[in-house]
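Colleague: Please take one part of this model and look at it closely. I would like a connected account of what surrounds it.

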Amino acid sequence: MFVSLLSYEIYTTLSEGVRRYRKSLEKLIGNSNVSSISIQKYLENFRRVVDCVEIVEAAFSRNTLSLVVSNIGAFFLMLSAIADGQTLNQPTMVLIFIIGSFCASVFEFIAVTSGAISLSREDDALKRLVIRFSEKPFLVEDSSTNNNISFPRLHCFSFLTDTIRGKSLQLTGGKMFVIKSNFILSVVGFMLTYGVLIYQFGSSN
């Protein structure tokens with residue numbers, strides 16, 4: 001439980017950091033007088049963000065995988081216990097304990113995955129934002145008298161855009177799957193489909 005709550009706190013903080021970076025990048029796009037040095041600072045900050053994501057991924061990836069697996073196992077165990085309890089007259093306290101353990105496991109699962117999904121959404125929003133770089137007027141400082149392209153700034157903007165597009169700010173479960181909304185929906189659908197079959201099979205026996 002402690003590790004899961006710690007994961008949630010770190011994932012949420014990381015997502016908030018990416019959101020603040022994206023907001024500051026929006027201001028950069030809206031600024032008509034941007035220096036190459038400012039763009040390079042944004043590039044350095046993005047690399048720091050990537051480093052933080054990689055460190056968190058290395059530290060909590062296996063824990064996330066075990067959490068997903070344990071939740072699936074706890075769900076099927078709960079259904080089997082309920083189905084068997086109807087025929088074998090298991091003690092009510094045993095069933096309550098199993099259901100309570102499953103509810104606690106679900107709480108951990110939701111807490112951890114919500115933070116990871118939030119980070120994934122911020123990554124998608126950041127990549128959509130850099131598309132606007134193509135609309136940025138790369139002009140020299142005195143745009144009123146000179147309409148020549150500022151190639152140093154054009155190069156910096158292009159390099160920043162390529163760097164952001166080339167990096168994925170996403171968290172995985174043991175590097176086996178990316179924690180995103182569609183993955184969670186797939187897991188829930190799998191659990192419900194096979195859960196109904198297990199419950200019906202257990203009840204029929």
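**Around Leu 169**

Modeller: Start with the contacts of Leu 169. Leaving aside residues up to four places away in sequence, Leu 169 touches Val 18, Phe 46, Val 49, Val 50, Val 53, Leu 119, Ser 120, Asp 123 and Leu 126. Bear in mind that this model is predicted.

Take Asp 123 from that list. Asp 123 sits in helix α3, which covers residues 92–130. Asp 123 is buried, because its relative accessible area is 2% and the cut-off for buried is under 20%. Its contacts, again without residues up to four places away in sequence, are Lys 167, Ser 168, Leu 169 and Gln 170.

The largest nonpolar core has 47 residues. Leu 169 is among the members that touch the most others, along with Tyr 21, Leu 25, Leu 126, Leu 160 and Ile 164. Helices α1, α2, α3, α4 (151–166) and α5 (181–204) each supply at least two residues. The top contributor is α2, with 17 residues. In soluble globular proteins, nonpolar side chains tend to be buried together.

Tyr 21, Tyr 42 and Phe 46 make up one aromatic cluster. Both Tyr 21 and Phe 46 are buried. The model has 4 aromatic pairs. One of them is Tyr 11 with Phe 60, an edge-to-face pair at 6.2 Å centre to centre, with 80° between the planes. Tyr 11 belongs to helix α1 (residues 2–30) and Phe 60 to helix α2 (residues 36–88), so this pair ties together parts 49 residues apart in sequence. Tyr 11 and Phe 60 are buried. The ring centres of Tyr 21 and Phe 46 are 5.9 Å apart and their planes meet at 35°, so that pair is tilted. It too links distant parts of the chain, with Tyr 21 in α1 and Phe 46 in α2, 25 residues apart.

Key
Residues numbered from 1 in each chain as written. Predicted model: local features only at pLDDT ≥ 70, side-chain atom pairs only at ≥ 80, totals over all residues. Heavy atoms only, no water. Phe/Tyr/Trp six-rings, centres within 6.5 Å; stacked < 30°, edge-to-face > 60°. Helix = DSSP H or I, 4+ residues; strand = E, 2+ residues; numbered from the N terminus. Buried < 20%, exposed > 50% of the residue type's maximum accessible area, 1.4 Å probe, protein only. Contact = heavy atoms within 4.5 Å. Core = buried A, V, L, I, M, F, W, Y, C linked by side-chain atoms within 4.5 Å.
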